[in-house]
Amino acid sequence: MAQVSTYVLREIFPEDAAAVAKLEARIHRVEACSGRDRIKWLLENAEIRAANLSIGVFDGQRMVGYVLAFLDDSPCYPPSTLTCGVGETAACDVPGIHVVDMAVQSRHPHAAARLLRGFCHRLRLRSNLADRPLYGFCSDAWLNRFKRLRRLFDFLGLAPGAARSLPAAQEHLRHWIFALRLPPDDRGIPSLSQSLRGIEYYPHACGEWTIGVLSNFRAWDALEPFWDKLLTQTQGANGFQSFPYLRTWWQHLGWAGELYIIVVLNNGQPVAIAPMEITKVPWLFGSLRRLTFLGLNLEMDRPTVLAAETNVHASTLIVDYLVRRKGDWDFMVLFEQFPDSSVVKNWSSQLNEAGFLVSMTPGPESSWVDIQGTWKEYLDGRNRSIRKSIRRKVDALNKAGELRFEVVRPETETGLLQRYLEVERRSWKPAAGLGAGKTSGHISFYRDVIERFAAWGGVKFAFLYLDEVPIAATFGLTWHDRFYSLHIAHDERYARFSPGYVLTAFELEEAFAEGSCSVFDFLAGFLANKGGWATHSIRTHSLFVNQATWKGKAYHWWLFSLKPFLKGALRRCGWLERAMHWRKRWQLLK
């Protein structure tokens, strides 16, 4: 495998406060350090407000630099008080982005460039942040450096703004406030032919076939006219691979990776798209480049190649292209694949023949309900214990107070996500690191997804109230007559009533009564509560592909031999949970 940079970017969360404080103490003077508790408070407060934009750069698993930055809800400072300190004045009477601190270890100069480029790239991807000024505070010495960094700002695409002095108790601690702006990107959408790189040509009786990789976010727009058309022709496709969903996911959660969208053209027209990305995975003293479908496991479901079912040739060419371009990636993982899908069958056989190490592992169960007939007919086909359980739990809630079920199909995001999150924060999910509100980035992602899908009536929220107190909530998306249940949560104070179970029953009953969809999809997951409702269920699998190099063989042996052996031994000794706990603490301390 080729030697690549080990620097990895990711968001910084409250649990990273110790690592940030440790790095801060190494770089800044004592009087300039915030300390772990203050940093943790800032990050926790920003996560609650969905205002955390902080990112870190890691060498393997060790943090070597960070930017602490947060969305400000109020104008950053009055424009009338500004005096020009670095160039032209800039009006900053809109909410800004407060850059609290930035630090990079001096022995990692390339990490500083990676960190700054990644931070600016993340802001540009989100249209609601691109016009906001960046502001921060610095000393006299740092202001002089700030004035001399125009070339760096130009390189990053930042326009210097204004600066002014603030009073301080001691002269040497006097601070300056400064502003930077991301100028608007007025460039048009580049053409598809200009945007593809690594182009390979394949002559064919049906005309010339061309394959290349699209790695530019702006150029992604050139595929919009063809994307959803190919998606509707794809067997087993779902709304999670639609153009608006994946674009929104990349803007909020995928920004740290590298786009690797493989496009197959026949006579200049896209006939197949493999929406993929490359991310860096820490391993040993470096990192490996992982090629996978766009979207994290918890925000994506059953991804596949976008192509007509009859276009087997395009899928074959994609695998051949990946073999030719194996220098771009180290290993490949395709999560949540149906074992009988054409992608799994064709790709695994072709890659095996090409000498790659191919393995399949069982994944989560994928469950759904066909909305056919009436609610009564559906219940008659279920286990008798389910019918009795529904009646018993509903009666218990009715005895406890006034029970009310509400369904809302909004035309815009009108605070419904916040109502759901209030219930989720009182559930077991935050402690487990799960849910729509697990991070600030996830909250902003779902807010934008809801806004986009609600425009054509594709969003549904449902709430369960007891004496007008919301005790359970859920929401999902509808795409091509199929409803996808994204998240559900219940208030732990009412767990004895099983409010999530009752809410699911009411939601299914409403779907049968209204006929709002033909399939109610619970999506893939490891929770056993979905199986009892489902009329269909299929076990998904993950396809792992490693290259036949010494590093690829070592990683394959670690994944499928040594790691399972160690986990099994620790589980038999009763030490697995303890080992996982100390492993997590060690990573945070590093």
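Trainee: At roughly what angle do the axes of α8 and α15 cross?

Mentor: This is a predicted model, where local features need pLDDT of at least 70, side-chain atom pairs count only at pLDDT 80 or more, and totals for chains, interfaces and linings use all residues. Residues are numbered from 1 along each chain as its sequence is written, and side-chain values use heavy atoms, with hydrogens and water left out. An axis is a line fitted to C-alpha atoms, for helices over the stretch in contact, and the angle between N-to-C directions runs from 0 to 180 degrees. The axes of α8 and α15 come within 9 Å, and they cross at roughly 155°.

Trainee: Does that make α8 roughly parallel or roughly antiparallel to α15?

Mentor: Angles under 35 degrees count as roughly parallel, over 145 as roughly antiparallel, 65 to 115 as roughly perpendicular, and the rest as oblique. The two axes cross at roughly 155°, so α8 runs, relative to α15, roughly antiparallel.

Trainee: Is the crossing of α8 and α15 left-handed or right-handed?

Mentor: A crossing is left-handed if the near helix is turned anticlockwise from the far one by less than a right angle, and right-handed if clockwise. For α8 and α15, the crossing is right-handed.

Trainee: How many charged residues does the contact of α8 with α15 have?

Mentor: Contact means heavy atoms within 4.5 Å. On one side P244, Y245, T248, W249, Q251, H252 and L253 of α8 take part, and they meet G441, H442, S444, F445, D448, V449, R452 and F453 of α15. Nonpolar covers Ala, Val, Leu, Ile, Met, Phe, Trp, Tyr, Cys and Pro, charged covers Asp, Glu, Lys and Arg, and the others, Gly among them, are polar. The contact has seven nonpolar and six polar residues, and its charged residues number two.

Trainee: How many of the 12 residues of α8 are buried?

Mentor: Buried means under 20% relative accessible area, exposed means over 50%, and partly exposed lies in between (1.4 Å probe, protein chains only). The buried residues of α8 include W249 and W250. Helix α8 is largely enclosed by the rest of the structure, because its buried residues number 12 of the 12.

Trainee: What does α8 span between its end C-alpha atoms?

Mentor: The expected span of a helix is 1.5 Å times one less than its number of residues. A straight helix of 12 residues would span 16 Å, but α8 (residues 243-254) spans only 14 Å.

Trainee: And how far does helix α3 reach from its first C-alpha to its last?

Mentor: Helix α3 covers residues 109-125, which is 17 residues. Its buried residues include L115, L116 and F119. The expected value is 24 Å, and α3 comes close to that, reaching 25 Å.

Trainee: Is α13 roughly parallel or oblique to α15?

Mentor: Helix α13 (residues 416-424) and helix α15 (residues 440-454) have axes that come within 10 Å and cross at roughly 140°. That makes α13, relative to α15, oblique.

Trainee: Which residues of α15 does α13 meet?

Mentor: Helix α13 passes α15 in a right-handed crossing. From α13 come L417, Q418 and L421, and they meet α15 at I443, Y446, R447 and I450.

Trainee: How far apart are the axes of α12 and α16?

Mentor: Helix α12 (residues 384-400) packs with helix α16 (residues 499-514) at an angle of about 110°. That makes α12 roughly perpendicular to α16. Helix α12 passes α16 in a left-handed crossing, and the axes lie apart by 10 Å.

Trainee: Which strand holds L464?

Mentor: L464 is buried, with a relative accessible area of 0%. Leaving aside neighbours within four places in sequence, L464 is in contact with residues including L397, V502 and F506. Strands (E, at least two residues), like helices (H or I, at least four), are DSSP runs numbered from the N terminus, and L464 lies in strand β17.

Trainee: How far is L464 from L403 in space, C-alpha to C-alpha?

Mentor: In sequence, L464 and L403 are 61 residues apart. In space, C-alpha to C-alpha, they are apart by 7.4 Å.

Trainee: What is the phi of E468?

Mentor: Most residues other than glycine have a negative phi. E468 sits in the loop between β17 and β18 and is partly exposed, with a relative accessible area of 45%. Although E468 is not a glycine, its phi is positive, at about 65°.

Trainee: Is R302 buried or exposed?

Mentor: R302 is found in the loop between β12 and β13. Its phi is positive too, near 50°. With 7% relative accessibility, R302 counts as buried.
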